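Please look over the sequence and the model below before reading on.

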Amino acid sequence: MELVLEKVNKLKGNISVPGDKSISHRSLILGSIAQGETQIHNFLNSLDCLKTLECMRALGVEIKSGSNNYIKIKGKGLYGLQEPKDILDVGNSGTTIRLLTGLLSGQNFYSVLDGDNSIRKRPMKRVVQPLRLMGANIWGRENGRFVPLSIKGSKLNHLHYTLPVASAQVKSALLLAGLYATGETVIKEPLPTRDHTERMLEIMQAGIKISPPEIKIKSGKELKGTEIFIPGDISSAAYFIVAASVLKGSQIIINQVGINPTRIGIIGILNKMGAKIDILNYQIKSNESQADLRIEYSELKGVEIKEEMVPFLIDELPLIAVVATQAQGKTVVSGAKELRVKETDRIKATVNELKKMGADIEEREDGFVVKGPSKLQGAVCESYNDHRIAMSLAVAGLLAEGKTIIKNSECIDISFPGFEKTLQKLINS
Ligand code: S3P
């Protein structure tokens, strides 16, 4: 499929974006191993989250999918999962494979995890190695560096571990394994990362203690099923926040977006660049904060983003490159080499495609430098089958003279089914 974009004048109107992807994955996994029922509202019915749903069903969990993105899970308790009859296919989803590797290590059965071509290139040693320290039996290509992974569940020992990379997926995998380990597992983060797992474990009454930079989890305590209200995904909202900030005369409202402090790096950075973003109708639901966001066009200036900020806006960095092309001066992103091991090498992909559109952007080993402002021109762009690259380039396409074509744009459904329709609504309002 191809997504075709033309230059637009401004964006106007009021939209909602689909539910948060990270929280949707976690609600399925934790709801499955909780006792009793878990009801999920505003679940993200995207390809990635549906892979987690299928995996949990293959592990014997009864999950009903209703209308309006409602999901009901009949929790099995910590020890109720069953050996899957087939390979568990995670598709394109890094969150599914990392979290399930942790969960499956502590079960009393055998399982195999595999995924698509992108997943087969992504690093797994970061989860496999600490799990092996807990006594997990995991095999994979190149001694566990790559999938397919096969796991013979076993009794796990507790672990005291400092994460070598700031990764919420690795942290979450170890917390899940910690639920099955002897005694207390302590995980220390080098930098704070998204904390949705910890927040959900809290409301499910797990034996969790959060004292940054450490998280402690005690095993053996059953989780309690609960009702979870998922906010709109700030990583999906980000495309419209940026587009409205750079298109003259724009003013939009995005309803009830998650504004967890570990996810709002994009708002902080845009504010620093001079954006006008108001936070309205703030509320806390299911231990997560959410609010309406009102965004208006504003003149922007370049900004510097360093390593400690990166986890708070990791998925928005390709989009930061796009906004930087419209800002006055230099934008420098460093300490972001993790981008190279995402769904694709996002540094290379961003630099290659924005260059085609006329941006002044330079690749660095751990980031990029953009000099702005520049006039973008429409081009035929690759998505690299990466949803975030495709949507970031779509925003660039709204700014460029002429036509922009994004190839293989079906990957957008990984995280944001309905992206094009939502964008049209803001263009036509
Ligand atoms: C995610 C964590 C991040 C992020 C990914 C989702 C999660 O990955 O990039 O899109 O849900 O935990 P890392 O943990 O690899 O940084």
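## The largest cavity

In this predicted model, α7 contributes the most to the lining of the largest cavity, supplying 4 residues. Both α7 (196-203) and β15 (227-229) provide at least two residues of that lining, which as a whole is formed by I23, H196, R199, M200, I203, I228, F229, P231, S286 and E288.

Sorted by class, the residues lining the largest cavity comprise 6 nonpolar, 2 polar and 2 charged ones. The volume of the largest cavity is about 60 Å³, and the model holds 3 cavities of 30 Å³ or more.

The ligand sits in the largest pocket, and the elements giving two or more residues to the shell around the ligand are α1 (21-33) and α6 (168-178). The residues that surround the ligand are S22, R26, T95, S167, A168, Q169, R194, I314, D315 and K342, and by class this shell has 2 nonpolar, 4 polar and 4 charged residues.

## Polar contacts and burial

Taken alone, the ligand would expose 380 Å², of which the protein buries 94%.

Note on methods: Residues numbered from 1 in each chain as written. Predicted model: local features only at pLDDT ≥ 70, side-chain atom pairs only at ≥ 80, totals over all residues. Heavy atoms only, no water. Near = heavy atom within 4 Å. Areas by Shrake-Rupley, 256 points an atom, 1.4 Å probe, with all protein chains shown as cover. 1 Å grid on protein atoms, 1.4 Å probe; cavity = no way out; pocket = protein on both sides within 12 Å on 5 of 7 lines; lining within 4 Å. Sits in = over half its atoms within 2 Å of the grid points. Nonpolar A, V, L, I, M, F, W, Y, C, P; charged D, E, K, R; others polar. Points joined across faces, edges and corners; volume = space filled by probe spheres on them.
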